[in-house]
Amino acid sequence: MLFNKVAFIGAGSMAEAIISGIITTSFLKKEQIFVMNKNNKERLENLSERYEIHCDFNKKQLVAGADLIILSMKPHDAQEAIDSMKDYIQEDQLIISILAGVSTDYIAKLIGKEIPIIRAMPNTSASIGLSATAVTKGENASEEHLQKAVSLFNTIGTTSIVKEEEMHTVTGISGSGPAYFYYVVEAMQKAASEAGLDQLVASELITQTIVGAGEMLKQSGETASTLREKITSPNGTTQAAIETLDEYNVEKAMMDCVKNAKERSIELGKLM
């Protein structure tokens with residue numbers, strides 16, 4: 001067993017997604033999971049009832065004996081949260097941070113100890129076990145620590161190892177990425193509505209289309225360009241649609257989405 005006790009500091013939606021994943025896959029037993037948040041007792045009671053895990057506000061008891069501590073609070077709460085518990089953290093414990101824009105060096109500085117830290121960027125699809133997660137290791141983390149993190153995040157989807165300087169780009173690609181596709185779906189739903197198509201029918205068709213396209217990318221072994229070209233017949237309906245996307249310079253817009261999300265991640269890191 002990789003971990004005997006895991007302590008979550010922060011009880012938001014991403015923490016819950018990870019908890020759900022590790023319980024569903026039997027990666028850990030319920031009694032091995034401990035969670036706390038800043039002051040939301042109702043939230044902790046809800047998690048305790050739903051997953052039968054330990055929830056507490058006592059930082060010392062929560063951190064004591066934990067093989068793994070997962071920092072899952074909001075990034076702007078990181079300093080206060082770490083300051084309040086750093087005296088209880090030991091150098092043989094592993095820290096995994098899922099805080100957007102927050103470097104492993106900054107966390108190590110706050111803790112004030114040479115402790116292994118792994119930084120991770122899951123996305124919201126973790127809640128259904130389909131997250132695309134990227135992980136990277138801090139200065140004091142070993143390859144063994146990194147592989148432990150990979151094993152953990154594989155319970156909620158797929159996991160890729162990247163360099164820490166690439167994490168800002170990862171934020172713009174997979175961290176924020178689901179929102180880009182939801183945005184496109186919203187636009188398609190509006191188009192269907194204006195054309196008079198039943199909304200339930202439109203929703204089913206659009207959802208299956210995006211799921212099917214994702215599976216084609218995953219299973220076919222072909223590039224997105226090749227797959228697009230295969231369904232774009234000369235002078236056909238798809239070509240007319242693609243030409244419209246080109247007229248609106250959608251490719252540049254998508255590239256700017258990633259660029260601006262990356263730059264915002266860098267800005268957030270500088271605020272720490």
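A search of the whole structure finds 11 salt bridges, a salt bridge being a side-chain nitrogen of Lys or Arg within 4 Å of a carboxyl oxygen of Asp or Glu. The model is predicted, so local features need pLDDT of at least 70 and side-chain atom pairs count only at pLDDT 80 or more, while totals for chains, interfaces and linings use all residues. Residues are numbered from 1 along each chain as its sequence is written, and side-chain values use heavy atoms, with hydrogens and water left out.

## Salt bridges

Let us begin with a linked group: Glu-16, Arg-43 and Arg-50 belong to a network of salt bridges. Glu-16 pairs with Arg-43 and also with Arg-50. Another salt bridge joins the side chains of Lys-259 and Glu-263. The table gives the closest N and O atoms for these pairs.

| Salt bridge | N to O distance |
|---|---|
| Glu-16 and Arg-43 | 2.9 Å |
| Glu-16 and Arg-50 | 2.3 Å |
| Lys-259 and Glu-263 | 3.1 Å |

Is Glu-16 buried or exposed? Glu-16 is buried, with a relative accessible area of 11%, whereas Arg-50 is partly exposed at 48%. The cut-offs, found with a 1.4 Å probe on protein chains only, are under 20% relative accessible area for buried and over 50% for exposed, with partly exposed in between.

Lys-259 and Glu-263 sit in helix H12 (residues 250-270), where being four residues apart means a separation of about one helical turn. Lys-259 is partly exposed, with a relative accessible area of 44%, and Glu-263 is partly exposed at 34%.

## The overall picture

Stepping back, the protein has 12 helices and eight strands. Its C-alpha atoms fill a box of roughly 70 × 40 × 30 Å along the principal axes. Of the 272 residues, 39% are buried.

Ile-9 has Met-36 in S2 as its bridge partner. Together, S1, H1 and S2 form a right-handed β-α-β unit; right-handed means that, with the strands pointing away from the viewer, the path from the first strand over the helix to the second runs clockwise. From S2 the chain then crosses through helix H2 (residues 41-51) to S3, in a β-α-β crossover that is also right-handed.

S2 and S3 (residues 54-55) are parallel too, with two bridges, and Val-35 stands opposite Cys-55 in S3. In a regular strand the side chains alternate between the two faces of the sheet. Which residues cover the two faces of S2 (residues 33-36)? Ile-33 and Val-35 lie on one side and Phe-34 and Met-36 on the other, and all are buried.

With S8 (residues 157-161), S7 pairs in the parallel sense over five bridges, where Thr-133 has Thr-159 as its bridge partner. S7, helix H6 (residues 143-153) and S8 make a right-handed β-α-β unit.

## The second largest pocket

Finally, the second largest pocket holds about 800 Å³ of space. A pocket is an open set of points on a 1 Å grid over the protein atoms alone where a 1.4 Å probe fits, with protein on both sides within 12 Å along at least five of seven lines, and lining residues have an atom within 4 Å of a point. The volume is the space filled by probe spheres set on the points, which are joined across faces, edges and corners.

This pocket is lined by 31 residues, with Gly-12, Ser-72, Met-73, Lys-74 and Pro-75 nearest its centre. Helices H1 (13-24), H4 (78-85) and H7 (167-175) are the elements that give two or more residues to the lining, and H4 gives the most, with three. The lining divides into 12 nonpolar, 13 polar and six charged residues. Here Ala, Val, Leu, Ile, Met, Phe, Trp, Tyr, Cys and Pro count as nonpolar, Asp, Glu, Lys and Arg as charged, and the others, Gly among them, as polar.

Methods: Pairing = 2+ DSSP bridges.
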